[in-house]
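Here are a few friendly notes to read alongside the model. Have the sequence and the 3D view open as you go.

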Amino acid sequence: MSASPSLDLDRFAATPLNRDPFDHVVVPGFIRDSACDAIDAHFPRIDKGGSFPAESLNCDSAFKAFVEELQSEALRHAVEAKFDIDLSGRPTMVTLRGQSRAKDGRIHTDSATKLITALIYMNPEWESDGGRLRLLRDDKDIENYAAEVPPARGTLLMFRCAPNAFHGHKPFVGARRSIQLNWVTSAAVLKRELARHGLSAWTKRLFGKAAAG
């Protein structure tokens, strides 16, 4: 496996694919301990709820380098081998969250234009019952889950986007930092998603400044 400064690709490769209730892997320690402190220190400040493209945030050069590492061929090849999927030519999108709201975590599936979703959590040891992502067996009952993933620092959850890939979490309000990486179906989808997220991010910043004034 190719060397990666921040990502433990050997640990990822050694983690078996779980097919219950849909294809996924959970890899605690996917972000190397030696890299976690630096990522913590350089994680952009996000005071609002919602999802923000990395490009729309004030990311410094160190964090941008980490985002580039997430979109590397080394990780793509590891994901292709794990999920038996061809991602060559498929664009990637990286979005960040910093805050969880009471309305977040409702049961859903990711859009059909997404092929693979990877969630990397960057929070201290997680004690709350809320905010733990659950992989669900149906779209109605948050308690009917096959796996529960605390959003603890360095943990990766990756899954194949599918019509039955229901997930959600019990409500949590407060800081909950995550980095989401998606392989999407086309460049047109990427452009549309970035425009949609970018407008949302711009609107939130605008109203945030207005409220502060």
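**Notes on the predicted model**

1. The protein carries 29 positive and 27 negative side chains, with the centres of the two sets 7 Å apart. Lys and Arg count as positive, Asp and Glu as negative, while His and the chain ends are not counted. Each charge is placed at NZ of Lys, CZ of Arg, CG of Asp or CD of Glu.

2. A word on the basis: this is a predicted model, where local features need pLDDT of at least 70 and side-chain atom pairs count only at pLDDT 80 or more, while totals for chains, interfaces and linings use all residues. Residues are numbered from 1 along each chain as its sequence is written, and side-chain values use heavy atoms, leaving out hydrogens and water.

3. There are five helices and nine strands; these are DSSP runs numbered from the N terminus (helices: H or I, at least four residues; strands: E, at least two).

4. Helix 2 (residues 33–42) has A35, C36 and I39 buried. Seen down the helix axis, the buried residues fall within an arc of 110°, so they line one face of helix 2; the arc is that of the directions from the axis to the C-beta atoms. On the other side, D33, S34, D37 and A41 are exposed. Buried means under 20% relative accessible area, exposed over 50%, partly exposed in between (1.4 Å probe, protein chains only). The cover over the buried residues includes helix 3 (61–70).

5. S178 sits in strand 9 (residues 174–184) and is buried, at 4% relative accessible area. Beyond neighbours within four places in sequence, S178 is in contact (heavy atoms within 4.5 Å) with F43, T95, L96, R97, I120 and Y121.
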